[in-house]
Amino acid sequence: METPHIRIENNGAVIRLRPDVTTIGRGKSVDIQLDHPSVSKLHAEIIRRGPYAYVSDLGLSRHGTRVNGKVVAQRLLENGDVVSFGSQRCRVGGLPNEGALPESDPRRSAEPELTRREVDVVTALCKPALSDDAFVAPATARDIAADLVVTEAAVKQHLLRLYQKLKIVEGPNRRVRLANEVVARGLVRPLPMATTVDGRTQAAVSALPVVPTEVARTPPPIAS
């Protein structure tokens with residue numbers, strides 16, 4: 001059986017995907033190095049889960065990631081897909097041919113239940129990232145703590161639980177991957193109306209929580 005891999009189109013190199021996470025970028029320490037100015041040092045990851053693989057753009061490049069010509073934050077990959085990191089094109093191979101539609105992402109078959117406070121944390125986390133058309137760095141733990149008027153330690157505990165619930169594995173840019181995941185799942189989204197703060201226009205952020213009924217009725221007190 002053919003091993004999952006990508007083929008770099010400009011030089012024909014075939015590189016096997018790692019069993020867990022394959023990093024792609026221009027930097028020297030990534031798994032797949034693409035030496036081109038349109039590629040950031042740490043540009044994207046390809047994550048494998050069982051027979052499936054999906055690409056996750058890390059939001060660190062102005063040029064983004066495309067699958068078959070479409071800009072994506074995350075996308076389940078299929079055999080033969082063309083993935084472009086900046087202007088560098090790569091073709092996916094060795095994945096199972098199941099004829100599955102891109103929307104049939106196995107990660108979304110069962111959404112995790114988030115508490116009210118966890119919804120507040122992911123909303124604050126993604127607020128900077130959804131304030132413009134381009135995906136920028138999400139909020140830091142300190143920024144979230146200031147926004148929610150809680151301690152930074154409490155925010156870090158919530159983030160640890162969110163990493164576990166959404167299966168964000170340890171590694172670099174974990175907060176970025178968490179923000180990508182919650183946006184891809186539709187747990188938060190930008191609102192069309194904008195407000196002006198200090199002369200700058202900012203998009204509002206709406207949370208779409210997946211909250212147990214009993215939690216929704218009686219929100220827990222704010223952690224401190």
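What follows is a chat about the fold, a sheet, a cavity and a few residues.

Q: What kind of model is it, and what cut-offs apply?
A: It's a predicted model, where local features need pLDDT of at least 70, side-chain atom pairs count only at pLDDT 80 or more, and totals for chains, interfaces and linings use all residues. Residues are numbered from 1 along each chain as its sequence is written, and side-chain values use heavy atoms, with hydrogens and water left out.

Q: OK, how many helices and strands?
A: Five helices and 13 strands. Those are DSSP runs numbered from the N terminus: helices are H or I with at least four residues, strands are E with at least two.

Q: And how much of the protein is buried?
A: Buried residues make up 43% of the 224. Buried is under 20% relative accessible area, exposed is over 50%, and partly exposed lies in between, using a 1.4 Å probe and protein chains only.

Q: Tell me about the sheet: what's the strand order?
A: The open sheet runs β4-β3-β5-β6-β9, with mixed pairing. β4 (32–33) and β9 are at the edges with a single partner strand each, so one side of each has no neighbour in the sheet. Two strands count as paired if DSSP finds at least two bridges between them.

Q: Which way do β3 and β4 run, parallel or antiparallel?
A: Parallel, joined by two bridges. Isoleucine 24 has isoleucine 32 in β4 as its bridge partner.

Q: What does β6 pair with?
A: β6 pairs with strand β5 (residues 44–49) in the antiparallel sense over six bridges, and with strand β9 (residues 74–76), also antiparallel, over three bridges.

Q: What's in the turn between β5 and β6?
A: The two strands form a hairpin with two residues between them, and glycine 50 in the turn has a positive phi of about 60°.

Q: How many of β6's residues are buried?
A: Five of the six in β6 (residues 52–57), so mostly covered.

Q: Which elements line it?
A: β5, β6 and α4 each supply at least two residues, and β5 gives the largest share, three residues. The lining includes Glu45, Ile47, Tyr54, Arg177 and Glu181.

Q: Is α4 enclosed or open? Why?
A: Helix α4 (residues 174–184) is largely enclosed by the rest of the structure, because nine of its eleven residues are buried. Arg177 and Glu181 are among the buried ones.

Q: Last topic: where's threonine 23, and what does it touch?
A: Threonine 23 is in strand β3 (residues 21–25). Threonine 23 counts as buried because its relative accessibility is 12%. Not counting residues up to four places away in sequence, threonine 23 touches Val30, Asp31, Ile32, Leu42, Ala44 and Glu45; contact means heavy atoms within 4.5 Å.

Methods: On a 1 Å grid over the protein atoms alone, a cavity is a set of points where a 1.4 Å probe fits but cannot get out, and a pocket is an open set with protein on both sides within 12 Å along at least five of seven lines; lining residues have an atom within 4 Å of a point.
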